[in-house]
Amino acid sequence: MGKTIRRIKTHRIAKETINSFYDYNSHALIIHYSCESFYDIKDGHTPRITSIAVKFLVSAQTKSFSIHKVAELRRVPIHQIESHYDELEKEMLNDFFLFAKAHATYRWIHWNMRDINYGFEALKHRASILGAETYDIKDENKFDLARLLIEKYGKQYASHPRLTSILEMNGISSKNFLVGEDEAKAFEKKEYVKLHQSTLAKVDVMDNILRRSAEEDLKTKSKLRDIYGFSMQGIFELAKDHWLYSLIIMIISAIIGVLITKLLE
């Protein structure tokens, strides 16, 4: 398969996948979580989880899990969370995996949750260490929005870090949104509520990005050749996706047809 054909196929599949979330939106969820910085850990333990947010695509309702909420229910003062972290994190993860099990058939949309450092495996590993409930969400039900956007628009669609860059380009409000470095500082300062608010903000902005992409209203840095490749097949795919380009091609074809007819007279 040629490079251009592969690019077109990748673009087409990503576009169809994003659109399909709205065809089956009653069974689609957006997930994000916050945790201890995995860059500053010296003893090799996996990062502690502070909060998890899961947003239902159809209703926009958000289910959240956090250590400070568990602490409040157990009447543990926020300044004492650190000394009770294991038991609070265990209960939070137990609640999350019970929720995951109850929504086993749903499609889980995430941003770079791909490995043991940061991902579903990290959540499961932390739960296993603490003796909490675990559940395997099937890989075919996990959809990485970060990767889908690259596959749809090409690698140059946004500057690094891509999430904050795409928010800026589209004027999407990011109130309470913390970048990775600020999240690490918030954890060090034991600002658990601030971390939780950031997690909630991230599922909201992911929802916004996803909807704009499905509606073909997402602004990116991509050129048409980044998306479709530079070939006749790419031009054909572009025409199929955009009525204006299709009309232009029809007009050009008609003009060429007239000229050829004149030349043959």
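**Exercise 1. Find what lies across S4 and S5, and at what angle to S5 the element runs.**

Solution. Helix H5, residues 145-153, lies across S4 and S5. The angle between H5 and S5 is about 55°. The model used here and in the other exercises is predicted.

**Exercise 2. Describe how S4 and S5 pair.**

Solution. Step one: locate S4, which covers residues 107-110. Step two: take the sense of the pairing, which is parallel, over 3 bridges. Step three: pick out a facing pair; Trp108 stands opposite Lys142, a residue of S5.

**Exercise 3. Work out the strand order of the open sheet and name its edge strands.**

Solution. Step one: the open sheet has 5 strands, in the order S3-S2-S1-S4-S5. Step two: strands S3 (62-66) and S5 (142-144) are the edges, since each of them pairs on one side only. Step three: from one strand to the next, the twist averages 25°. Step four: the pairing in the sheet is mixed. Strands of a sheet can pair in a parallel or an antiparallel way, through backbone hydrogen bonds. Both senses can be found here: S4 and S5 are parallel, while S2 and S3 run antiparallel.

**Exercise 4. Examine the hairpin of S2 and S3.**

Solution. Step one: count the bridges that join S2 to S3; there are 5. Step three: turn to the link, where 5 residues stand between the strands. In this hairpin Ala60 has a positive phi, near 65°.

**Exercise 5. Characterise the largest pocket by its space and its lining.**

Solution. Step one: the space in the largest pocket is about 760 Å³. Step two: 26 residues line the largest pocket, and those nearest its centre are Phe38, Trp111, Asn112, Gly180 and Lys202. Step three: trace the lining back to elements. Strand S1 (28-35), H5, helix H6 (162-170) and helix H7 (180-188) each give at least two residues to the lining of the largest pocket. Step four: sort the lining of the largest pocket by class, which gives 14 nonpolar, 7 polar and 5 charged residues.

**Exercise 6. Decide whether Thr46 is buried or exposed, and list its contacts.**

Solution. Step one: Thr46 sits in the loop between S1 and strand S2 (49-56). Step two: the relative accessibility of Thr46 is 14%. Buried means under 20%, so Thr46 counts as buried. Step three: apart from neighbours within four places in sequence, Thr46 is in contact with Ile41, Ile116, His125, Arg126 and Ile129.

**Exercise 7. Classify Asn19 by accessibility and relate Asn19 to Ser213.**

Solution. Step one: Asn19 is in helix H1. Step two: Asn19 has 27% relative accessibility and therefore counts as partly exposed. Step three: Asn19 and Ser213 are 194 residues apart along the chain, and their C-alpha atoms are separated by 8.5 Å.

Technical notes: Residues numbered from 1 in each chain as written. Predicted model: local features only at pLDDT ≥ 70, side-chain atom pairs only at ≥ 80, totals over all residues. Heavy atoms only, no water. Pairing = 2+ DSSP bridges. Helix = DSSP H or I, 4+ residues; strand = E, 2+ residues; numbered from the N terminus. Axes fitted to C-alpha atoms, helices over the stretch in contact; angles between N-to-C directions. Contact = heavy atoms within 4.5 Å. 1 Å grid on protein atoms, 1.4 Å probe; cavity = no way out; pocket = protein on both sides within 12 Å on 5 of 7 lines; lining within 4 Å. Points joined across faces, edges and corners; volume = space filled by probe spheres on them. Nonpolar A, V, L, I, M, F, W, Y, C, P; charged D, E, K, R; others polar. Buried < 20%, exposed > 50% of the residue type's maximum accessible area, 1.4 Å probe, protein only.
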